[in-house]
Amino acid sequence: MPQPLDLPQGFRWGVSTAAYQIEGAVDEDGRGPSIWDTFAARPGAVRDGHTGAVACDHYHRYREDVALMKGLGLDGYRFSIAWPRIQPTGAGPANPAGLAFYDRLVDGLLEAGITPLPTLFHWDLPQALEDGGGWLARDTAYRFAEYTALVADRLGDRVPAWITLNEPFVHMVYGYAMGIHAPGRALMLDALPAAHHQLLGHGLAAAVLRERGLDVMIANNLTPVRPASSSEADQAAATAYDALHNRLFTDPILLGHYPDLSAFGVGPDLGGSVRDGDLKLIAATPLDGLGVNYYNPTRIATPTDPGLPFAEAPIEGVPRTAFDWPVVPDGLRELLTGLRDRYGAALPPVTITENGCSVADEPGPDGTVSDPDRIAYLAGHLDALAAAVAEGVDVRGYFTWSLLDNFEWAEGYHQRFGLVHVDFETQRRTPKASYGWYRDLIRAHRALQER
């Protein structure tokens with residue numbers, strides 16, 4: 001039996017998923033094409049030509065998945081709403097069938113005693129908006145606010161808190177700068193307008209939510225940045241990378257300005273994207289919570305590519321996941337205490353909105369799925385979280401990634417992050433050993449707090 005952790009009263013336990021990674025049903029009930037439908041159809045874009053056309057078939061099997069969540073004893077479920085289900089072209093009136101699906105999902109969650117925590121944008125932009133420039137176009141931010149209003153007006157009576165964007169840094173870098181995610185553009189630093197327009201979209205959507213009395217969050221992918229050595233050059237490279245990865249999407253919301261990006265040859269107007277009043281609008285609606293997605297630290301060295309002021313260096317001497325990501329649990333404590341030290345009173349309460357690992361797990365001869373590496377990963381990171389709480393960081397919840405094995409973006413179905421194994425041929429769900437471990441941990445924690 002897992003030992004309960006010393007965590008604050010009311011601490012929330014949850015799991016996270018994303019629409020394109022689990023829903024499938026991409027051509028049903030009026031859903032329009034997304035950039036991921038288009039990207040996955042491009043030869044060579046996704047490993048082995050996999051697509052999210054079926055994924056976990058959650059669109060039809062959501063009741064079964066809600067039952068699995070209920071079995072865990074969760075407090076909350078973080079999912080994303082597929083913008084192309086609500087507005088097939090990214091504009092105009094809502095698609096009734098799309099809203100109806102999320103109506104059913106929200107009602108099912110509430111009946112199971114689980115609080116919904118929706119994310120409005122988890123990378124599946126309507127293709128029609130990308131055809132008009134995507135997040136490189138300022139207009140997309142205004143379309144995002146209109147979409148937010150449609151969804152909040154339908155679900156806001158039952159859903160108290162909302163996440164605007166998921167990992168805007170990753171979407172900008174992988175989707176617009178490097179071209180390894182949808183929409184597949186390789187613009188390098190010319191992708192920076194996608195940063196500002198996502199943040200502008202956040203600010204506009206946050207105002208929409210607040211007008212309706214709803215709580216506002218954003219989920220940022222954050223990493224503690226470690227210089228490869230004590231040399232001045234490595235220190236400068238680490239500072240540059242930290243500004244890009246951690247501060248670009250956090251400073252404007254919490255501090256009202258962009259970080260120093262001069263190492264990239266970029267001024268405070270991000271190449272002319274920033275207009276008068278934009279930063280005030282982005283920071284105008286205070287966050288009710290900051291979502292933190294953490295997977296590993298990043299080690300940075302002096303650049304070898306003249307186009308960038310940093311180079312990534314390997315983290316050696318630690319275990320690695322099936323995705324070849326380093327496993328450094330204390331990096332979470334380091335990250336959380338670093339946020340507190342950097343932002344002080346400007347830092348809102350934190351929720352860990354993603355944390356998990358890929359393991360090459362399959363059912364054994366008896367049909368069960370043993371995943372001790374995932375259990376060790378989760379236990380280590382939760383110990384680090386508890387250590388950060390003991391050091392005074394206000395952490396309100398932990399949502400592990402993910403409930404189900406799913407479509408893992410450019411890796412297709414080759415990386416398994418789930419507490420529940422999915423056979424993608426039959427759609428059979430098999431709870432793994434980590435599912436039972438997480439369930440028992442939640443029970444132990446709840447029993448401790450009820451004493």
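Trainee: How many helices and strands does the secondary structure of the protein come to?

Mentor: The model is a predicted one. Its secondary structure comprises both kinds of element, and the count is 15 helices and 13 strands.

Trainee: What radius of gyration does the protein have, and what would a compact globule have?

Mentor: The C-alpha atoms occupy a box of roughly 55 × 55 × 45 Å along the principal axes. For 451 residues, a compact globule would have a radius of gyration near 22 Å; the protein agrees with this, at 21 Å.

Trainee: Which percentage of the residues is buried?

Mentor: Buried here means a relative accessible area under 20%. Of the 451 residues in the protein, the buried share is 61%.

Trainee: Is Cys357 buried or exposed?

Mentor: The relative accessible area of Cys56 is 0%, so Cys56 is buried. For Cys357 the value is 3%, under the 20% limit, and therefore Cys357 is buried.

Trainee: Which residues form a nonpolar patch on the surface?

Mentor: Tyr174, in helix 8 (residues 168-177), has a relative accessible area of 34% and is therefore partly exposed. Membership of a patch requires over 30%. The patch has about 350 Å² of accessible area together, and its residues are Tyr174, Met178, Ile180 and Met188.

Definitions and conventions:
Residues numbered from 1 in each chain as written. Predicted model: local features only at pLDDT ≥ 70, side-chain atom pairs only at ≥ 80, totals over all residues. Heavy atoms only, no water. Patch = residues over 30% accessible without salt bridge, like charges linked within 9 Å, V, L, I, M, F, W, Y side chains within 5 Å. Areas by Shrake-Rupley, 256 points an atom, 1.4 Å probe, with all protein chains shown as cover. Salt bridge = Lys/Arg side-chain N within 4 Å of Asp/Glu carboxyl O. Helix = DSSP H or I, 4+ residues; strand = E, 2+ residues; numbered from the N terminus. Buried < 20%, exposed > 50% of the residue type's maximum accessible area, 1.4 Å probe, protein only. Rg over C-alpha atoms; globule rule 2.2 N^0.38 Å.
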